[in-house]
Amino acid sequence: MIKFLHSFFYFFTLIFRRKHFDVVFYAPTYFNRGENGENPFFTNLIQSCKNNNLSYIIFEEPSKFNHIRNKKSIPFDFIFYLIILLRRWMKVENDIIQTENNIGDFLSKSFFRNFRYNNYIVISKSMISVFSRIDKDAKLYDLQHGIIYTNKPDYFSNNILSPHLRRNKVSLLLSGRLFKDILLKNGDKNFIEKNAHVIGVEKINKILHQEANRDVLVSLQFTDDHTDNQNKKLLLELTSYINNNKEFNFFLRDHPRFNQEVILDHLYQQEHVFIAPESLYDCFKKCSIHLTSYSTTTFECALYGIPTVFLDSLEDDFNMFTSDYYVRKNSISFIFNHYKQESLFVRNWVEGYYSPFEEKKFISLLQ
């Protein structure tokens with residue numbers, strides 16, 4: 001309630017006072033994975049704005065998940081719930097993009113009539129169709145936050161570029177050239193060449209484990225993105241895997257959007273199963289091996305030289321790591337016994353996907 005009131009007063013006062021920012025950052029709260037509730041995907045970009053005297057503001061979208069709120073952001077709660085109502089009142093049948101464009105037009109004449117910005121940077125395309133109309137002169141950027149693979153709905157389907165990108169004239173900020181290659185292979189080449197920009201990420205040159213220990217980080221994938229049957233299949237395989245590898249300790253880390261899709265109590269009752277440390281970096285420091293079905297944490301682990309073991313039960317539906325990324329699939333015992341070799345392999349493998357952050361290139365896009 002406090003966040004909602006804070007949000008209401010901020011946006012209500014915008015009706016009467018002018019605000020202009022070089023950059024608006026926008027993301028849901030479930031991306032707040034930093035130690036102080038900060039969004040680590042924005043860290044380099046915000047620091048670059050500070051380094052170049054660019055004004056910015058962070059809007060934080062509420063979510064149904066219990067995540068820490070960022071104290072440095074403005075809660076978007078009031079406008080968010082208003083938009084949910086307006087989607088019903090201003091609905092254009094079978095066209096959510098036009099519906100949200102119309103909502104953006106309405107907001108630009110009401111709560112945002114004195115609010116202008118040059119650039120809008122969003123994660124996961126949140127409110128992109130709304131903000132494209134709040135300030136029609138602003139540039140719109142979608143910041144890559146996960147992996148890109150063949151026919152990922154965020155970007156394209158059946159080699160057809162997402163209408164959210166094309167109709168709103170959205171540009172993409174990518175972490176590495178190999179992700180752009182996947183887009184070029186599967187989407188509109190002319191659009192991608194013009195609108196996809198590789199700005200990189202903060203590079204990590206640190207191997208955390210010279211030798212394997214028996215601590216395994218498990219990145220869980222239980223979300224409502226799956227069907228009930230998919231979640232049950234994955235749980236059954238994970239349970240069997242843990243039961244068959246009792247010489248290892250398993251540290252389970254929930255997906256940020258986990259909402260009790262499955263019950264995990266029976267796993268935590270086992271002596272070699274634990275809740276993972278809250279900080280992801282602490283997870284990396286503790287665990288020398290990673291286990292998952294298809295989590296993007298695979299890439300972050302690889303940056304620290306931590307190899308991944310893949311579960312198989314959902315491979316028919318989520319096979320991007322073999323079809324697009326050509327990873328080596330090895331057993332946990334093989335990785336444990338050949339750790340230095342596998343650690344070096346994943347470090348080399350991840351290079352093309354996570355290139356060093358280029359501040360000058362990023363700033364040039366904003367001007």
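**Close-up 1. Val92 and the residues it touches.** Setting aside neighbours up to four places away in sequence, Val92 is in contact (heavy atoms within 4.5 Å) with Gln98, Thr99 and Asn102. You'll find Val92 in the loop between α3 and α4; helices here are DSSP runs of H or I with at least four residues, strands are runs of E with at least two, and both are numbered from the N terminus. With a relative accessible area of 28%, Val92 is partly exposed; the scale calls under 20% buried, over 50% exposed and anything in between partly exposed, using a 1.4 Å probe and protein chains only. Val92 and Phe250 sit 158 residues apart in sequence and 49 Å apart in space, C-alpha to C-alpha.

A quick note on the model: it is predicted, so local features need pLDDT of at least 70 and side-chain atom pairs count only at pLDDT 80 or more, while totals for chains, interfaces and linings use all residues. Residues are numbered from 1 along each chain as its sequence is written, and side-chain values use heavy atoms, with hydrogens and water left out.

**Close-up 2. Helix α3 meets helix α4.** The axes of α3 (residues 77-89) and α4 (residues 96-108) come within 10 Å and cross at roughly 125°. Those axes are lines fitted to C-alpha atoms over the stretch in contact, with angles from 0 to 180 degrees between N-to-C directions. That angle makes α3 oblique to α4, because under 35 degrees counts as roughly parallel, over 145 as roughly antiparallel, 65 to 115 as roughly perpendicular and the rest as oblique. On the α3 side, Ile79, Leu82, Ile83, Leu86 and Arg87 meet Thr99, Glu100, Ile103, Phe106 and Leu107 in α4.

**Close-up 3. Two loop residues with positive phi.** Neither is a glycine, yet Asn53 has a positive phi of about 55° and Met127 one of about 60°. Asn53 lies in the loop between α2 (43-51) and β2 (56-61), and Met127 in the loop between β4 (115-123) and α5 (128-134). Buried or exposed? Asn53 is exposed, at 72% relative accessible area, whereas Met127 is buried, at 5%.

Close-up 4. Beyond four places in sequence, Tyr325 touches residues including Phe179, Phe299, Trp349 and Tyr353.
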